[in-house]
Amino acid sequence: MVADVVIAGAGPNGLMLACELSLAGVQPVVLERLSEPRRENRANGLVGQVVRMLDRRGLYRPLTGRSEPPQPIPAFYFGAVPMDLHVLADNPFYLLPVPQTRIERILAERAAGLGVEIRRGHELTGLTQHADRVTTEVTGPNGRYEISSRYLIGADGAHSTTRNLAGIGFPGAASDDIVTRIAEVAVPDELHDPATGGLNLPGYGHIAPMYHRTEHGVFAYARIPSRPDLVFTVEWGIGTTDTDAPLTPAEVHDSIYRVMGADLPLRPPDGRGPHRLDRSIGVNTRLAERYRDGRVLLVGDAAHVHFVIGGPGLNLGLLDAVNLGWKLAAEIQGRAPAGLLDTYDTERRPAGERVAMHSQAQLALLAPGPEVTALRELFTELLRDQHTVAHIANMMAGADIRYEMEGRDTHFMVGRWAPDLVLKTDNGTVRLAELTTNARPLLLDTTEDASLTGAADGWLDRVDTITAHAMNAPATALLLRPDCYVAWATDTPHPDHRDRESLCSALATWFGPR
């Protein structure tokens, strides 16, 4: 069997990559070890820039059932220290409270609609790299077989078979004395505070939603529409925990009592299960030594793992997929400039390093001890400063990324993610997000004479162009890569030959010769 790309793993990251490749004209084959989609939920939403990225692929509406665009949230937490995001003129923090099971279902439907073949019950068991292809060994319902492809992508999670078989190291740090428990339960309605979304816990008082740190650990509570209540604890010191026994509601109850010093009545949730009951011993922070090894590449948890606080995992992994998809497609189609595929590692591995850094910093802020309590008091003071809030919020959302690109010194937007814009065109008003659903490069020309679109004539087979008027645009013209990062920009209302030459240079650098 032959394919352009084989993707190991049909979780959100693998499915997102499959959609991106298909939009770019490459049909992958997706292998999934499990014979059917998971019924148990492993995450409860998306946080950060990925929410806006899904909007720019036309996926926000099917995920939410709403037609209005995403809106930033007013507050969040760094290491359970609250951040008031109202103070920011440009708030980067977006939240999409949708269970992972729904995210996977919507992405699988999108992939199927694009013609992607998903082979469930087919497990990658071996791989051999050749100069021009990868041979993947697979065990499926009818036995073993091999499939040959130009590239193999490991989207198969933290214990990635792909990564291990490719010999890619996974160094990092481990904290073995931390116990994390997550459970879907039913909390008595009379304890829920509908005004704040938090809890009024007898014997303790009001607990705000999300994370709450005490001298004995961390507790979090969330009431999610149409889903069971979610409770979460973190404790330091394994103690008498039977690490081999399944987690029980009684163990969750006792953990909450130790952390909070008060009794929270719990009962099994209503509705069809399975309901989540997870215990994790230790915290791993690891980053693959490289995201690419020849014709094998890694995305998502196969490339990076970290503490769960703040929910950065899917934000990071799905944006890996969006970064890789168009580059890999260009390589397969023979139109990629030299070194384009290597920029996946040079751009996304630093993003993984940044998430590893701030998740470890947050874990340190959650630990017990008077020294940590003093540090949290200091952080609380620092987070009253608007510039500090902006710095941390942009970092957590992934909105502070600026990729290394030629032209960074000529315009502040080069290397940054394009902002949301409302554009007035000859055909009416349109949001930028509506122009990027096809995952093609886009030249946005708002100059007075609209002369720059002509300079892109030699790339019209792979680059879309639009002339428009835009309020509050950061430049008079922007060249967007398919992942919505700005590859070129100018401020001049009347471009001359130098502007056109620099635009053509950027077009050739990222999308190949005219």
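**Sheets and cavities in a predicted model**

Residues are numbered from 1 along each chain as its sequence is written, and side-chain values use heavy atoms, with hydrogens and water left out.

**Sheets**

- Two strands pair if DSSP finds at least two bridges between them; strands (E, at least two residues) and helices (H or I, at least four) are DSSP runs numbered from the N terminus.
- Strand 22 (residues 422-425) pairs with strand 26 in the antiparallel sense over 2 bridges, and Leu423 stands opposite Ala470 in strand 26.
- A further open sheet has 6 strands in the order 15-16-17-11-18-21, with antiparallel pairing. Its edge strands are strand 15 (210-214) and strand 21 (304-305), each of which pairs on one side only.
- Strand 18 (residues 277-287) and strand 21 are joined in the antiparallel sense over 2 bridges; Arg286 stands opposite Val305 in strand 21.

**Cavities**

- The whole structure holds 4 cavities of 30 Å³ or more. A cavity is a set of points, on a 1 Å grid over the protein atoms alone, where a 1.4 Å probe fits but cannot get out; lining residues have an atom within 4 Å of a point. Grid points are joined across faces, edges and corners, and a volume is the space filled by probe spheres set on the points.
- The largest cavity has a volume of about 110 Å³. Of its 15 lining residues, Leu316, Ala351, Val355, Gly398 and Ile401 lie nearest its centre.
- Helix 7 (312-332), helix 8 (343-366) and helix 10 (386-397) each supply at least two residues of that lining, and helix 8 gives the most, with 5 residues.
- By class, the lining of the largest cavity has 9 nonpolar, 3 polar and 3 charged residues. Ala, Val, Leu, Ile, Met, Phe, Trp, Tyr, Cys and Pro count as nonpolar, Asp, Glu, Lys and Arg as charged, and the others, Gly among them, as polar.
- Helix 7 contributes the largest share of the lining of the second largest cavity, 3 residues. That lining divides into 6 nonpolar, 2 polar and 2 charged residues.

How values were computed
Predicted model: local features only at pLDDT ≥ 70, side-chain atom pairs only at ≥ 80, totals over all residues. 1 Å grid on protein atoms, 1.4 Å probe; cavity = no way out; pocket = protein on both sides within 12 Å on 5 of 7 lines; lining within 4 Å.
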